[in-house]
Amino acid sequence: MADLIVTGLTRAYGPVRAVDDVSFTVRDGEFLTLLGPSGCGKSTTLFSIAGLDRPTAGRIAIGDTVFYDSAQQIHLPPERRNCGLVFQSYALWPHMTVRANVEFPLRLRKVPAAQAKAKVEWALSLVEMQDYAHRWPHELSGGQQQRVALARTLVYEPLLLLLDEPLSNLDAKLRLRARGWLRDLQSRLKLTTVYVTHDQEEALALSDRIAVMNGGEIVQLGTPQDIYLQPRSAFVADFVGHSNILSGEAVRNGQAGILLVLSDRQKLHIDTEPRAAASNRLQVAIRPEHIALFTAADRPTGENLLRGRIVQRDFLGAHIEYIVEVGDTTLRVMGTKQISGSEVLLELPVQRCMPFWQDE
Amino acid sequence: MNSATTPERMLASAAGSAQRDAAATVQSGVAVIITLLVIAPLLMILYQSLQTAALYETGRSWTLGNYAKLFTQAEFFGAVKNSLALAVVSTSVAMVIGVLSAIALSRIAMPMRNWLESAMLAPIYVSQLVLAFGWYVLYGPSGYITLALKRWLGGVPWDLASITGMGVLGGMAMAPYIMLNCMSSLALTDASLEDAARSTGASPWRVLRSITIPLLRPAIVYLVLLSFVGGLEMLSIPLIFGWPAGLEFFTTYLLREGLGKTVPDYGMLGAAAFILVVLVASFVLLQRKVIGAAQRYVTVRGKAQRPKLLDLGPWRWLPPLALALYVLFTSILPLAGLGLRAVVRFLTPLVSPWDYLTLDHFRALFQQEIFGRALLNSVIVSGVGAALTTVLVALAAVMIHRSEHRFGRHLELLVLLPRAVPGMVVGIGFLWVTLWTPGLSLLHGTIWILIIAYTMRGLPTAYASITPTVLQIGRELDQSARVSGADWWTTCWKIVLPIAKTALGASYLLLFLSFFKEYAAAVYLTGAGGEVVGTQLLHMWAKGDAGPVAALSVVQLAFTLVLAWMIRRMGKEQKTWLT
């Protein structure tokens with residue numbers, strides 16, 4: 001099989017561009033996730049690949065097969081793309097049994113009966129649903145429906161596996177199990193996969209690479225480690241890992257980096273080079289688990305200490321989440337120790353502060 | 001995996017292109033058939049109205065003279081005026097009865113609520129013609145109750161041969177439709193809106209006045225227009241009560257001009273028919289404007305949160321009693337009277353009916369070859385017509401809502417257009433289509449032209465009953481079929497239509513029922529050998545055979561009640577299937 005190449009994909013609804021000049025490549029056998037908030041264009045991109053949505057411009061091709069090309073006026077109907085799409089709602093046909101659902105794509109392809117029977121068995125056993133072949137969709141739990149939906153797309157060995165938030169309708173525990181099992185299945189079958197989700201944990205756990213989307217554009221494309229450790233913008237830092245964002249004015253701090261001056265005149269050392277551009281507005285992202293909390297009695301000695309006030313504390317079992325006000329910014333902090341009183345000192349280690357210059 | 005995929009894909013592609021052509025053929029076929037069905041009779045009426053002589057004659061020419069002649073005719077204006085007056089009275093009556101009973105049944109706690117609701121709705125399933133016969137037998141100038149009251153009290157407070165009297169009857173005939181629509185609209189309004197008003201301190205009556213009724217306002221405006229159109233195109237009541245009294249209405253005028261004369265003036269008939277279409281269509285357009293696109297499909301569905309029912313305390317028996325009396329006097333007694341009329345020689349308060357019991361009317365009916373033929377023809381026309389219409393509209397609905405066909409939206413307008421064409425005008429239109437089109441004269445007077453005309457009449461009904469289900473079927477269900485390799489046609493055939501099959505069955509029965517009781521469209525189209533029950537009823541009524549008319553009405557009623565029972569059962573099944 002070959003790589004899926006999406007070039008300059010654009011989908012406009014009147015003046016609004018739901019997808020704006022998006023390009024990416026999914027290598028043969030790779031698991032790529034489109035991650036972003038709702039309305040970022042990830043589902044439109046997926047549906048364009050499947051052929052259910054007709055883009056305004058661009059090109060989608062896999063190997064020699066051109067799915068869509070605005071220049072050549074090519075738009076292959078969905079049934080001729082040989083993709084497999086699993087919907088969020090699973091979309092099992094309610095008037096067909098599990099077996100009939102899985103068999104349907106084979107009957108469309110006129111696969112001989114004996115061969116079809118074997119393939120249905122194979123697909124159902126992949127998802128461990130062979131005992132449910134005679135059941136009706138409404139007799140299955142959500143997790144079972146999801147597995148049948150997957151079997152139905154795997155049975156005809158599609159060129160591409162497309163998944164539209166397939167885990168979001170499952171409860172938390174089941175989602176975790178389904179995740180491991182999906183990853184295992186994908187790596188076993190080496191299927192080229194495009195996965196759409198708004199759940200950063202899912203994206204990090206499953207993907208070979210992640211494309212973070214916002215406002216119809218890909219804002220960062222990289223491995224899960226890249227995305228998490230080296231976000232390229234405050235948006236990515238916030239979306240993947242729920243970072244806190246502090247913004248203020250940057251001033252030169254002698255030879256070593258710069259100082260971020262917050263609205264209440266408190267200062268933070270930031271390890272970055274000053275820049276010559278007109279704007280000196282700087283945003284700093286830092287993850288909740290990287291901030292340490294101290295009371296005055298602890299006499300902390302770190303260099304980046306800010307005064308703050310706890311306005312809310314939520315006991316979450318393994319840890320405590322504190323909401324702390326620093327000037328006019330609200331920060332989320334994960335702590336393990338109980339802190340009484342509201343006046344606290346926050347330590348924001350320099351190496352954990354991720355700076356992003358703001359353009360006017 | 002690689003080796004398996006390629007040949008399969010090629011196979012799928014090859015089959016795909018052939019099937020895509022099939023899909024395109026089906027789509028174009030459906031579009032062409034519907035266009036011809038809807039447009040041809042209307043064009044023919046317009047064409048005839050602009051011709052100097054009948055369409056089957058030679059040496060015709062274009063003219064506006066027919067319209068000029070019509071507008072100088074006093075009786076035409078009289079008929080139009082009477083029709084408008086009838087529409088105004090019947091609309092007022094229908095609205096008062098329909099809205100009040102809907103509010104009572106949906107918001108007031110009362111015993112036997114379900115039973116009363118079914119009884120109030122029952123006339124929907126009965127032919128308006130049969131209902132009118134029933135009323136005539138009891139309340140007509142020589143009706144049983146009229147005569148009895150005259151004997152005891154010296155007179156009756158009503159005159160059903162007046163426009164007001166007919167308007168009241170017309171209103172009662174249309175009230176169940178108003179009630180049904182109001183009730184579904186009440187069921188769809190969020191009950192928490194009323195609860196919120198209660199919790200802010202409003203009394204139940206205040207809630208009714210300030211929340212419930214104002215929320216019903218859009219529905220009421222829409223229904224006023226609906227019943228006004230119904231009043232304009234009403235045929236049964238003007239024919240049975242107005243004709244003997246010499247009152248002429250738009251519809252009876254069309255009937256007399258076309259069938260009552262030895263040499264009908266087809267040009268003028270065409271002009272009059274076309275004016276009626278324009279009149280009705282303008283009200284239907286107004287109605288569409290009022291209601292907007294989204295609320296076109298009024299569906300009855302049960303809501304989980306039912307509004308709290310108002311308890312009237314010591315007065316709780318009053319609304320159910322009023323409803324029960326209404327049902328008794330407007331449906332049960334008239335239909336029972338009609339049934340009685342069918343088995344007695346005379347029906348008058350002067351003599352006991354038991355002394356004149358007879359089965360002669362039925363015997364006379366069954367001895368006539370024409371009766372058996374009419375019944376058989378009715379069953380064939382309804383059975384075949386309902387099947388054709390259901391298939392045609394199912395394909396059209398899927399095309400309109402589940403394809404990117406460029407004529408989809410236009411097709412929807414066409415499918416709904418027959419709503420604006422009164423039944424008799426449909427008949428006139430198709431009569432002229434068969435007369436004018438070479439080769440089609442073979443259809444003239446046969447049941448096949450009836451099937452065609454009924455199919456056209458049934459399009460909006462079928463569309464309204466199939467569309468909500470098609471819209472309820474999640475888009476992912478057909479999208480996933482498309483992605484897994486099915487083309488549009490296969491997706492319709494294997495996924496969408498099978499899931500909608502209960503709705504298709506319900507639509508079939510509904511159409512069967514309405515075709516079985518249809519008479520207005522058949523008046524102009526039946527010929528010897530092609531009689532149906534509806535036209536046979538009218539024919540016998542015109543001859544003055546009240547007994548056999550009652551007997552035939554009873555036969556038709558029995559048929560329709562069985563069908564109605566089946567429809568209600570399917571309705572319940574469908575609800576469980578979709579939830």
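This is a predicted model: local features need pLDDT of at least 70, side-chain atom pairs count only at pLDDT 80 or more; totals for chains, interfaces and linings use all residues.
View 1. On the side of α17(B), the contact is made by G423(B), V426(B), G427(B), F430(B) and T434(B), while α18(B) brings I449(B), I452(B), A453(B), M456(B) and R457(B). Sorted by class, the residues in the contact of α17(B) with α18(B) are six nonpolar, three polar and one charged.

**View 2. Two helices of chain B that are roughly perpendicular.** Helix α5 (residues 128-139) of chain B packs with helix α13 (residues 318-343) of chain B at an angle of about 80 degrees, and their axes are 8 Å apart. This angle makes α5(B) roughly perpendicular to α13(B). The residues of α5(B) that make the contact are L131(B), F133(B), G134(B), W135(B), V137(B) and L138(B), and those of α13(B) are L333(B), P334(B), L335(B), G337(B), L338(B) and R341(B). Nine nonpolar, two polar and one charged residues make up the contact of α5(B) with α13(B).

**View 3. The two domains of chain A.** Chain A is divided into domain 1, which covers 4-238, and domain 2, which covers 242-357. Taken over C-alpha atoms, the centres of domain 1 of chain A and domain 2 of chain A are separated by 39 Å. Five residues from domain 1 of chain A and seven residues from domain 2 of chain A take part in the contact. On the side of domain 1 of chain A that touches domain 2 of chain A, the residues divide into three nonpolar, one polar and one charged.

**View 4. A six-stranded open sheet in chain A.** Strands of a sheet pair through backbone hydrogen bonds, either parallel or antiparallel. Here the six strands of an open sheet of chain A follow the order β7-β8-β9-β3-β10-β11, with mixed pairing. At the edges stand β7 (83-86) and β11 (217-222) of chain A, each with a single partner strand, so one side of each is left without a neighbour in the sheet. From one strand to the next, the twist averages 20 degrees. Within this order, strand β3 (residues 31-35) of chain A pairs with strand β10 (residues 209-214) of chain A in the parallel sense over four bridges, and L32(A) has R209(A) as its bridge partner in β10(A). Helix α4 (residues 142-154) of chain A packs on the sheet, where it touches β7 and β8 (160-164) of chain A, and the direction of the helix makes about 175 degrees with that of β7(A).

**View 5. A five-stranded open sheet in chain A.** The order of the strands in this open sheet of chain A is β16-β20-β17-β18-β19, and the pairing is antiparallel. Each of β16 (292-294) and β19 (329-335) of chain A stands at an edge with a single partner strand, so one side of each is left without a neighbour in the sheet. The twist averages 45 degrees from one strand to the next. Strand β17 (residues 305-315) of chain A and strand β18 (residues 320-326) of chain A are joined in the antiparallel sense over six bridges, and V324(A) in β18(A) is the bridge partner of I310(A).

**View 6. Two hairpins that share strand β5 of chain A.** Strand β4 (residues 57-62) of chain A and strand β5 (residues 65-69) of chain A run antiparallel and are joined by four bridges, with V66(A) in β5(A) as the bridge partner of A61(A). Two residues lie between the strands of this hairpin, in which G63(A) takes a positive phi near 60 degrees. On the β6 side, two bridges join β5(A) to strand β6 (residues 74-75) of chain A, again with the strands running antiparallel, and D69(A) has I74(A) as its bridge partner in β6(A). The hairpin of β5(A) and β6(A) has four residues between its strands, and Q73(A) in the turn has a positive phi of about 60 degrees.

Key: Residues are numbered from 1 along each chain as its sequence is written. Chains are lettered from A and ligands numbered from 1 in the order in which they are written. Two strands pair if DSSP finds at least two bridges between them. Ala, Val, Leu, Ile, Met, Phe, Trp, Tyr, Cys and Pro count as nonpolar, Asp, Glu, Lys and Arg as charged, and the others, Gly among them, as polar. Domain bounds come from an automatic or database domain assignment. Axes are lines fitted to C-alpha atoms, for helices over the stretch in contact, and angles run from 0 to 180 degrees between N-to-C directions. Angles under 35 degrees count as roughly parallel, over 145 as roughly antiparallel, 65 to 115 as roughly perpendicular and the rest as oblique.
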